[in-house]
Each structure stands twice: as structure tokens, then as C-alpha cells.
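Please look over the model below before reading on. The report is meant to be read beside it.

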Amino acid sequence: MKKEKLILVGNGMAGVRAIEELLALAPDKYEITVFGEEPHGNYNRILLSHVLSGEKPFADTVLNDRAWYEKHGIRLESGRKVVAINRARRQVIAADGTIADYDKLLLATGARPTMMPLPGSHLFGVMSFRNIAEVETMLDLARPGRRAVVVGGGLLGLEAAYGLKQRGMQVTVVHLMDKLMERQLDAPAAALLKRSLEERGIAVELGAETQGFVGGKQVEAVRLRDGRTLPADLAVVAIGIRPNVELAQQSGIHCQRGIVVNGSMQTYDPRIYAVGECVEHAGNTYGLVAPLFKQAKVVANHLAGLGHARYEDQPLATKLKITGIDLYSAGHFGGGDGYEELVMEDPGRGVYKKLVIRDNRLAGALLYGDTTNETWYYDLMRDGSDISELRPNLLHGHGHLGDAGHSGAVAVASMPDETEVCGCNGITKGMIVKAITDKGLFTLEEVRSHTKASASCGSCTGKVEQILAFTLGGDYSPAPQEKPLCGCTEHTHAEVRNAIREQHLTTIPETMRFLEWKTPDGCPKCRPALNYYLISTWPGEAKDDPQSRVHNERVHANIQNDGSYSVVPRTWGGLTNAKELRVIADLAEKYNVPVKVTGGQRLAIPFIKKEDLPKVWATLNDNDMLSGFAYGKAVRSVKSCVGKGLCRFGTQDSLGLGVAVEKKFWGAWTPHKFKMGVSGCPRNCAEATIKDFGIVGVDSGWELHVGGTCGVRVRATDLLCKVATDDEAIEHAAAFLQLYREEGWYLERSSAWIERVGMPYVKKRILDDGAARQALAERFWHAQQFAQVDPWQDRAKSDRPDYEYAALEVVEAAA
Amino acid sequence: MTTIRNEMQWIDAGPLEAIPSPGARRLPSAHGDIAVVRTGSGAVYAIDDRCPHKGGPLSQGMVFGERVQCPLHGLVIDLPTGFAVGPDTGAVSTYPVRVADGRILVGLLPQTASAACGGGCACAQAA
Ligand SMILES: Cc1cc2nc3c(=O)[nH]c(=O)nc-3n(C[C@H](O)[C@H](O)[C@H](O)COP(=O)(O)OP(=O)(O)OC[C@H]3O[C@@H](n4cnc5c(N)ncnc54)[C@H](O)[C@@H]3O)c2cc1C
Ligand code: SF4
Ligand code: FES
């Protein structure tokens, strides 16, 4: 069968949602072309507020990327504005002359911001807040310390004000009415909101009429009717929107305020449908996505030829997306004749609740400061339920009805299946539960992509998570309290490491792909962790990724606060000699810098410039001195006392063992820095009992201590065991280190790891079974073959020792 | 007809491969040090090489997404805008970048550098 041609004009939230719904019902019925004035794919306009405030990057707003259009065979004509419809020939014509034929046409041209015909409105820097291009301009102009004036104290204006404030601007909101968000709030709620905004440093001018904008080319101030001028480097006008009916009107399609449609979303031309903010249905126009997505469902149903869905208006609910301000307003909250009001006010806590009742039915709800029961109220309102029975507890909320307290989990358990959880997308609890159980979903991301719940404005995220936890019950991730490794993933350290081991993953991109990382290349939290897990799990196989190393490890030196570096060569066990000292002294002289003895008994050469590092290393290497790894999450120095060779109290050769241990253990990468110490007798001059691994000489041999740390927190070691010989001490150290390397989380010191798993567990793994201990130690020695590479030598001997160390050079002035 | 003057001066910062992707390098210039940053997706940005917190060298930071993290105390700069990512505040100047024939060109305007603007502007106060 030949496909019919469907054209969508308006590549925005409502139109593309209609196409998605249509593809789900009748994937092959149409050959689809989409015209969009904006040069992007379809993005989530709602999130522009979060982009402005810096809480989300632009990338997070993408709803349908170009690959999506390609995958579904949809022709995307982005950057093309449709300027005419020839209804007789069934063609649309774009501004650049492109002509396309249709059998069915869907208009979803959205709305345009209302601009005031005021003097100076044309000035650069006077703008509305509607699309990506405008947000980009705002971000260009928003420099810390500059001033912004937002005209309009409605939802959009306040979100703009908050975003610009977050960007460091001085922000004033100018509002014509005597209270903020007057269409959604009553006087007490509006006063609370004003207070919250002022606490955030946003100035609010009520009852102030804007008379014009002042400036040369660029706006410099906003003038008010009362004669005042407010200095402004940026003026955002957000006083309302009106349906974008221009195209429809010019083409002779019946419009009033919006394009008039019937319950099937059909216009007066039966081949032409319309959805979104451009339409007018039963006298209503729209400004929030929830009703638009319902319209999209209806229009898809008709375009698919099913013809049985009808669109009906439902009460609207509004939330303000300003972090830390909880505000919910729905239905008829104003009250008046024939209405009763239930009110609860707690100004101290900043909580205000008002429920409006008519004929024993909930007609409106206004919640400020505590919005926990919003969905319950919404359901009562939408369903027109009789609330006579609930009345005594109505204000206190759902949790009070049972006897089980009011934690979120209980509320979720008692929530009926029909309760709408995601208002934007009309997703009920039942639909989420069904998706979780049928499709075996485990994470929020999965629920989002399968149901779209919490994928639009995000304010229901907490509830979706609770439903997920409640539905999965005991199955909900093996360690429910454990947090994901970072914001780039839902997976915990344990899950990441297991995946690397079980799937034999050896590179960061491969691991990110397998575990469905949410960001293209991670962040400074996950990348070093992944790099560590890879190289410690697959020594010799996984390749180290220098760009995923923390800075000091990447440049093999410690950056100092002035941007120079300190170089710490290894002096085995803290033992050095005249030759090494001479080399260090020469370097100090050459670069005119001091020498510092470090806490770990090493000599540090500070104040070396980055470009000089390779030269300093070459000199040290020529004299057989290696990197001391004083900068790494790695085995650091082994601190040792002089021991029985010199000391009159000494019972064991701590210096000899210290040197031997350092020679065997240097180069090993560990979850966090790993310090060792060897003392010759219990007087413990090497302070071995605050080291990650401490060895203390006694008459009969050595005591082995683990899990000490001395920093912000001081923790003395736990005694692991006593051994008789040096070899045994070394084998136990290797086994312990390997266990920690394999099971400690990245950035978890050995002390924290031991507190997490418990000393009995560590003893069991290392002491109970000699063969198991040897196996651990074997794995460590195997890894050491690949780890004991001196990074300095590597660099100094390479053919481009300067690469990345020298600064870039300006080659020439280009034209 | 009006003629439009363009005072932008483009300096050649060398071949694209001189910067690892993702990675960054320091570029000394008449306007002070500039951090030239190349992201994993291949975009190149140029920003002042001075962290708004305590002047850390941003060219030495870890690059991820469209961001770079200061090596000293971890402040994160959004490369397209030059702003610190919340909750931190502050900003650095950004410079236009072009890549032509595999070479990186960085555009300098006399007024973009705080050294040249005399330090009286909001950007200098923020730093
Ligand atoms: C900053 C901001 C925050 C918001 N926050 C919320 C919120 O928290 N909750 C909520 O529910 N809603 C919110 N909204 C409103 C919501 O984004 C809109 O209701 C929704 O995007 C409307 O969808 P639409 O498809 O009708 O219009 P749009 O998404 O605007 O899509 C219309 C598209 O059509 C294009 N177009 C117009 N004319 C033509 C033409 N002739 N040819 C080609 N293309 C054309 C336009 O360029 C546009 O891309 C917010 C809006 C903004 C701007
Ligand atoms: S720990 Fe014992 S052996 Fe070592 S220096 Fe101190 S007293 Fe001497
Ligand atoms: S100097 Fe950059 S974070 Fe402190």
C-alpha cells in the first residue's frame, strides 16, 4: 500500500510527541516530514530554566536527536519556517522556497512570547525567554556582577530571575500586579514566595509598571511609570504568551485566540489537525505540557485511523522549578461564593496549605513549602471524589489516613494504581509498576525511557524512585543504600567493578558503553575510578588512560598552589647517600629552590616549573633515582627507623626490611594513597601504627599492623598477626595490599575499607587459609611486573619528552 | 554603505594534535596565559588560564564533557560560557576559536583581557 504523506509544522514538544504516539500505533501508515523553524532536533523547552541556572547542560534537553528522525525514516527540515499553506493543492511552502505535499497536515506551531510595544523594546539585551537561542544570548550577557531586570512575576519570569541570579547577576523582578504569580497563588502564598525569593537575593518590585527601555544600541536601564530607572545590562520580558496562529490565520483556517479545534484536534479543514499551545479548545488555550501531551495522544489516535479518542480538559497543576522552593497550585484555588476553604498556615516553617471545596468535592489546592500530597489532591479533584469522609484529615494529607506514619514509602504503597504520578506525561502508578515488572526495569533511567515518567519537568522523580523501590522490594539493587559512583551513572562502585571483571572490560569507553553511562566521557569523579578499576583488575591488559588520571598522577609530580610542582625522588626506606644528595643539591642550586624533608622521610625539590619537569627527571634518572610516587593513589614511601644495626634498643633490622619492602612494593596503584612503615622495636620510632601497613619488630620477629591513618582523622592500626621472618612479613603485606586493591572502593583509605568490611573478614581472608593468602600475594606480584615502570624514565627516554609539558607556542599571527 | 570593522586578531596556537582529546594546554599570550581546551567530542575552547577561585592553572585540569576541572581545589568551569558550575560562582573570559587546516586559531580582542580593560569591569570584580 502506498503511504500517505503527513507533514508536521512545528518541531516542538507537542508536535513531536504526537508523532511518537502515532509511530507507536501505526508505524508504517505515513511518510512523515517535519518542518521546524529552530535549527535543532526536538528539545525539552521546560528544562531551559535549568540550563539557564546551570543545573543542566544543553545536552540534557535533547528529546529526539537527529538519529531518532533517521531511524524512523522521518525527513527533518530544521531551520525552515513554513510561511504558507496552499490548502487547495495540499502543499506547505517554507521561507526558503521548499515546497512539500501533504495528505494530512499537523500544525504545532506553539506560542510566541507577548512583547510590549514599549519604547526601546528593540534594544539589544531586551529579550524573551522561550528558546535555546535566547538562553544562549542570556548566558552571553550574564556575567557575575552585571544587572538583570525581569519584567513579569509569573512562572517563567521567576524561573528566569532565579537562573540569572545563579549566574551571579544582580536581579530585580518588576511585576505589574500587587502579588507574584497571581494566576496561581493567593495573597498569603504569594507573600511567602516573595520572601523566599528575597532570601535568595532576588529583589522584587510589585505594582510596578514598565514604561520603556533605555539605552543606545544595548539596553542600559528599565524605566518605570513612577519615574524610577533600574540599571540593566539585560532585560527579560516574560509577561505571557499567545498562541502562534499567524500561519493558520493567513491560510484561512478558522482561528480565535488560537487555532480552533474540536475534540479530535481537528481544525475547520478536515485534513488539518493542530495540537499544542497554538490551539484553542472549548474556549481554552494552553501553557503547560500536561494537556498538550494528552492532545498528542488524541491526535495520534485519529491520524492512525482509529478515531475513538476524545480530548477533554482537566484541571491544571502548576509547579515552580526553583531549587528549594516547593510550590503547587491546581484547579480553582481562589474560592469565593459557594466555596469553602480549609487553610493551614505555619509561617515559621514557611508552610501554607489551602484546599478549596465545593459540594463536598475538592475544587482547588494551593500548597507552599510542603507539597507531599499534591498527587492525592489532584486525583481527588480530577475524579470529583466525594471527600466528606476524608474531611477531618484532608489538610494533613494522605499519610495520616492509615496508622503507619507518613513516610514516602507508605504513601506509595497505599497509592491506588490510577494515581497520576507524572503530570506532564499522564503516567499513573499502575503504568509504572507494569513497566517495571513486565520489562524488568531496575533504574530510574530505564523507567524514564520506557514510560517517559519524570522525563519532562522532573518534579516527580522522587516519587518514581519510591515506586521503583517499592515494586522491586528485595530485588531493588543488591545494596539499596549504596549510592551510584557519580552522577554519570546509576551503578555503584561494586557493580562497576563486577562488570569490569565479569565482562572482561578493558577500556573506559567500553565500560561506559556497557554500563550505559549517561555522559559522553564521564566526569572527574568516575574517570579516575574507572581507570583504577581497569588497571587493577586487568594488569598488563588494560591500558592506562593518562587523561583520566587526577592531575598529579598525570604529570607525575605534585602541583603547588602557585602552579609549580614539587619533585620527590625515591630514597629507598629513607636511606640515601652522598651521591644522591649531591644530585639533589645540584638541582636545587640550578633551579634556585630549597629542599624539603617530607613527612614520609623523603627529599622534595619544590617550585619546579612544568616545562622543566622532564629535564629534572632526566638528571635524576641518569643517577638511578626513580619517582617517589609522592603524588599518587599508590604505594608511597616506606618510613623506617634505623633499627638494630645502629640503635641500642633495636631488636630487628627495620632499615633492611624497610628498604626491601619499598623495592618490592613501589609502583603499585591502590584505591587511595597507601603508606607503610617499619620500626625496629615497640618504641615505634617510624610511627608504623598509624600507617596503612605497619611492621613493628619484636623479639620473636615482626608484628603486622593494618588500617592506620594520620590525617584529618587519626586511626591507629589493628593488629593483623605476628610472623617470624622477613619473607612472611612481605607475603602478608602483599596479600593484604592485594585484597585492598581488589575490594576497596576508589578513594577509600584502607582504614575506611576495614571499617566497612570488618577486621574479622580481613583476618579470615589473609590468615585462615595459607593457600588463599599465597594466591592473593601471587596476584599482587603478577600485577607488579607491569606496575614497576618509572614514569619519569618513560617520559625522559621518550622521543618527545616535552610533549604536553612545554606550553603551546604562538607560531604566528594568522590573518 | 557602512563598513564594519573587525578588530579581532587571530593567533595561531599550533596544530590540533598538540592537544590530546580530551585535554588542554597552556598558551602564553599578550593577554596572559590562555588555556586551550579540546573536549572528547572534538570541540576546542579557549579560556583564561586562571581559576576564579585562587588562580589555579585551568590548562592543567581534567577535561570532561564540555567542562574542565581546576587541578587545585576542583572548581568546574563550563567551557562554552566560561562560568563556574554551581554551587561555585565566578567566571573566566572566553576567547573565540577556529580550526583551519588542522591548526588552532584563537581570537583576541583588545578588550577581552582583563589586563587590557584596566580591571574596572564586572569580570575583574568577580575574580
Ligand atoms: C523556560 C520555560 C519553562 C517552562 N516550564 C514549564 C514547566 O515547568 N511545566 C510545563 O508544563 N510547561 C512549561 N513550559 C511550557 C512548555 O514548554 C510549553 O507548553 C510547550 O513547549 C509547548 O509545546 P508546543 O509544541 O505547543 O510548542 P513549542 O515547544 O514552542 O514548539 C513549537 C515549535 O514550532 C516552531 N514553529 C512555529 N512556527 C513555525 C513555522 N511557521 N514553521 C516551522 N516551525 C514553526 C517553533 O519554532 C517551535 O520550535 C515552559 C516553557 C518555557 C519557555
Ligand atoms: S623503633 Fe626501636 S629500633 Fe627503631 S629507632 Fe626507635 S627505638 Fe630504635
Ligand atoms: S584555584 Fe581553582 S579551585 Fe581553587
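This is a predicted model: local features need pLDDT of at least 70, side-chain atom pairs count only at pLDDT 80 or more; totals for chains, interfaces and linings use all residues.

**Nonpolar cores**

The largest nonpolar core has 72 residues. Those with the most contacts inside this core are A:V496, A:W517, A:Y533, A:V567, A:L613, A:L620 and B:I47. Helix α16 of chain A, residues 526-537, gives the most to this core, with seven residues. For A:V567, the neighbours in contact, leaving aside residues up to four places away in sequence, are A:L603, A:A604, A:I605, A:I608, A:L613, A:V616, A:W617, A:L620 and A:W792. Two of these partners, A:L613 and A:L620, are also named among the core residues with the most contacts. A second, separate core has 53 residues, including A:V9, A:L23, A:I253 and A:A309.

**A:L22 in helix α1**

A:L22 is part of helix α1 of chain A, residues 13-25. Is A:L22 buried or exposed? A:L22 has a relative accessible area of 1%, under the 20% cut-off, and is therefore buried. Not counting residues up to four places away in sequence, A:L22 touches A:L6, A:P27, A:Y30, A:A300, A:L303 and A:A304. The C-alpha atom of A:L22 is separated by 8.2 Å from that of A:V299, although these residues are 277 residues apart along the chain.

**Helix α9**

Helix α9 of chain A spans residues 374-383; eight of its ten residues are buried, so α9(A) is largely enclosed by the rest of the structure. The buried residues of α9(A) are A:E374, A:T375, A:W376, A:Y377, A:Y378, A:D379, A:L380 and A:M381. In chain A, these buried residues pack against strands β23 (317-319), β24 (327-331), β26 (351-358), β27 (361-368) and β28 (420-422), and against helix α13 (461-472). Just after α9(A), A:G384 takes a positive phi of about 60 degrees.

**Two helix pairs**

Two packed helices are described by the angle between their axes and the distance between the axes.

| Helix pair (chain A) | Axis angle | Axis distance |
|---|---|---|
| α23 (residues 759-767) and α24 (residues 770-787) | roughly 90 degrees | within 6 Å |
| α11 (residues 429-439) and α12 (residues 444-451) | about 110 degrees | 10 Å |

The crossing angle of roughly 90 degrees makes α23(A) roughly perpendicular to α24(A). On the α23(A) side the contact is made by A:R765, A:I766 and A:L767, and on the α24(A) side by A:A772, A:R773 and A:L776. These contact residues divide into four nonpolar, no polar and two charged.

The α11(A) and α12(A) helices pack at about 110 degrees. Angles of 65 to 115 degrees count as roughly perpendicular, so α11(A) is roughly perpendicular to α12(A). Helix α11(A) contributes A:M431, A:I432, A:A435, A:I436 and A:K439 to the contact, while α12(A) contributes A:V447, A:H450 and A:T451. By class, the contact has five nonpolar, two polar and one charged residues.

**The annotated site**

Which annotation covers A:C685? An unreviewed UniProt entry gives A:C685 the annotation "binding site". A:C685 lies in the loop between β35 (674-679) and β36 (693-698) of chain A. With a relative accessible area of 61%, over the 50% cut-off, A:C685 is exposed. Not counting residues up to four places away in sequence, A:C685 touches A:C641 and A:S679.

Conventions: Residues are numbered from 1 along each chain as its sequence is written. Chains are lettered from A and ligands numbered from 1 in the order in which they are written. Side-chain values use heavy atoms; hydrogens and water are left out. Axes are lines fitted to C-alpha atoms, for helices over the stretch in contact, and angles run from 0 to 180 degrees between N-to-C directions. Helices (H or I, at least four residues) and strands (E, at least two) are DSSP runs, numbered from the N terminus. Angles under 35 degrees count as roughly parallel, over 145 as roughly antiparallel, 65 to 115 as roughly perpendicular and the rest as oblique. Contact means heavy atoms within 4.5 Å. Ala, Val, Leu, Ile, Met, Phe, Trp, Tyr, Cys and Pro count as nonpolar, Asp, Glu, Lys and Arg as charged, and the others, Gly among them, as polar. UniProt positions are given in the numbering used here, feature names are shortened, and annotations may be inferred rather than shown by experiment. Buried means under 20% relative accessible area, exposed over 50%, partly exposed in between (1.4 Å probe, protein chains only). A nonpolar core is a set of buried Ala, Val, Leu, Ile, Met, Phe, Trp, Tyr and Cys residues joined through side-chain atoms within 4.5 Å.
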